[in-house]
2 protein chains.
Amino acid sequence: MKKIMGKQTVRFANPPTVLAAASIVGPKEGEGPLSEYFDQIAPDITFGTDSWEKAESQLVSDTIQLAVQKAKLRMDDIGFILAGDLLNQSSGSNYGIRACERPFFGLYGACSAIGEGMALGAMLLDGGFAQYVLANASSHYCGAEKTFRFPLELGTQRTPTASWTVTGDGAVVLAAQGNGPFVTAVTAGSIVDMGVTDASNMGAAMAPAAAAVITAHLRDRNLNADYFDAIVTGDLGQVGADLLMALLREEKIDIAKQYDDCGLLIYDREKQDVHAGGSGCGCAAVTFASYLLPQLQTKKINRLLFIPTGALHNVASIQQGETIPAIAHAIAIENRVPASDPPSSTKGAQS
Amino acid sequence: MKKIMGKQTVRFANPPTVLAAASIVGPKEGEGPLSEYFDQIAPDITFGTDSWEKAESQLVSDTIQLAVQKAKLRMDDIGFILAGDLLNQSSGSNYGIRACERPFFGLYGACSAIGEGMALGAMLLDGGFAQYVLANASSHYCGAEKTFRFPLELGTQRTPTASWTVTGDGAVVLAAQGNGPFVTAVTAGSIVDMGVTDASNMGAAMAPAAAAVITAHLRDRNLNADYFDAIVTGDLGQVGADLLMALLREEKIDIAKQYDDCGLLIYDREKQDVHAGGSGCGCAAVTFASYLLPQLQTKKINRLLFIPTGALHNVASIQQGETIPAIAHAIAIENRVPASDPPSSTKGAQS
């Protein structure tokens, strides 16, 4: 079976199963609309530690352990851990995963990390290099503010386009063999930079990357958007979500019926003062682990296109007048593996 | 063919070929012992830009273009780019790769990045997900000092165990089909932390991770160290290299005859005032691209075990009293693919 579809998409000879996932979040997320779906809601944003960085690593460690347990595996069963976060040099992952003693590939894809990990992990499984992999992504509101913005103690006013970094970790265990839901196809995104310079408007920076990868996924598989019951981006928030739909309409793609964004699902924007919505590596990861995956498992939806999105700037690049590069990866997760070979329009294979 | 060997190592049904590699370095590296091997030596550490961060991104961009050209490919031929660097949020890679418009997976493995990229890239190729992948790693002395240590303007005294971050980028193009040298097996490392807290002694922090992954590679493939003509670590420097050999002797593994370290190869420690040796993501990457790969291609060596090493701390973690987690990945690159199935001692397969 040819695994390369069209210009940018891959599919699997033996589509990996999403075996289990775990989510642990902070108190604010626990007060939001997804409250009942999370595995654990921490009573305290410190997670029992004395720094925001240690808090995030504790969160990473706890969530990974829980995911392995929910998958009814031992840590030793995990062939590779793939993980990313937002802290400098990905320290949330590095310290949180230190005790796991499993082969580790650290990722940096900003808030697209869970998508990057699931995409790579699915390819490693289908390639025959492991029986199980674990993809993980975390973020912590206070750590992200300290890393990217202002000390919290300043009480800086946030702009209406700003989003609120989710305190949370989502860990996903993929298996080479299983009964689904299956990762059936993946479109890895390239970096898209449309010139946005406002680091408080990451939705606008990321929407074009999401539009590009959704368009590529549908084109390469020769599908209409209606094929999917749900098309869910990572953390575009309201500004980015509106932009995404406008950009896709220009490509004659209408996703209004089945579209949502994890950044809009995770908080109540009316009551929780989060401005444009949720963001951070944890946003897509915990929403997938707690809410989207169970919807697939209970057949409330059968075909999900999951598109974690990331803004690839840092403090220095913004200070130096650079624009914000963005990326998004599209992961198709379906309860049934599509049977047929790709139709003729997708024959323009990646060379 | 079973691809999982022993507990931690994978081999390939169709071992990928290292098709080409490119290296561009700064002036100091150009004055060192590998001077004649680099593709380009920049006359000026700014690479024509007005900041250290932009300099690194320019270096990334130039080296990737050159590697694709040396491989006689077009950028469009590259299925995936996998890249990492040391700057916060991997901005060297993100901005340097922005113009490539190819599917991108950002990595964070500190100075092990080129090993992480080659390991993942080889698995993506053997899995059938691309015809060509490009692995890239970069570092810049001034950017790394700014990110991890002191402003250069302070003229801070360096300790004898400190290493000198290489200004350089190495880009490696791997191909699914080719005539070798072949990536024949990969051992992905897990995080090892033996409690070192001195961020000016990364060699000591990383040596145990290198020892663990070399031991695992030999054990899983049931090989003696003598199997390899050359065993070369990434950037342990003199302190770490001595420690590595001592640690391996405890495991009854003697690598003295065929061992070297990119951090010792790249500078003349007597004349270049680099203290323990070279370090940085670029250290292993440019030494492999410029010096080690041509040795394989010209059959001066036929079996290389390449072990890029990374220290996974950041500024905040050291300030908060944390120890330094480290990682290393072992990549076997051989001119002939070993024919036989793994012998019986490696049957304890990863579950």
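Predicted model: local features only at pLDDT ≥ 70, side-chain atom pairs only at ≥ 80, totals over all residues.
Let me begin with a pair of cysteines in chain B. The sulfur of B:Cys111 lies 4.7 Å from the closest cysteine sulfur, which belongs to B:Cys281, and that is too far for a bond.

How many disulfides does the structure hold over all chains? The count is 0. In chain A, A:Cys142 takes part in no disulfide, and its nearest cysteine sulfur, in A:Cys281, is 16 Å away. A:Cys142 is buried as well, with a relative accessible area of 5%. As a reminder, a disulfide is a covalent bond between the sulfur atoms of two cysteines.

I turn now to the interface of the two chains. Here 69 residues of chain B are in contact with 68 residues of chain A. The area buried between chain B and chain A is about 5,300 Å², and carbon and sulfur atoms give 58% of that area. Which residues of chain B lose the most area to chain A? They are B:Gln89, B:Tyr95 and B:Phe129, which together account for 15% of what the chain B side buries.

Several elements of chain B each supply at least two residues to the side that touches chain A, among them strand E2 (9-11), helix H2 (52-70), helix H4 (113-126) and helix H10 (315-319). The largest share, 6 residues, comes from H4(B). By residue class, the side of chain B that touches chain A divides into 30 nonpolar, 23 polar and 16 charged residues.

Finally, I would draw your attention to one residue in chain A. A:Thr63 sits in helix H2 of chain A, which spans residues 52-70. Is A:Thr63 buried or exposed? Its relative accessibility is 0%, and A:Thr63 therefore counts as buried. Leaving aside residues up to four places away in sequence, A:Thr63 touches A:Ala22, A:Ser23 and A:Ile24, together with A:Asp169, A:Gly170 and A:Ala171.

Definitions and conventions
Residues numbered from 1 in each chain as written. Chains lettered and ligands numbered in written order. Heavy atoms only, no water. Contact = heavy atoms within 4.5 Å. Buried area = accessible area lost by both parts, 1.4 Å probe. Helix = DSSP H or I, 4+ residues; strand = E, 2+ residues; numbered from the N terminus. Nonpolar A, V, L, I, M, F, W, Y, C, P; charged D, E, K, R; others polar. Buried < 20%, exposed > 50% of the residue type's maximum accessible area, 1.4 Å probe, protein only. Disulfide = S-S within 2.5 Å.
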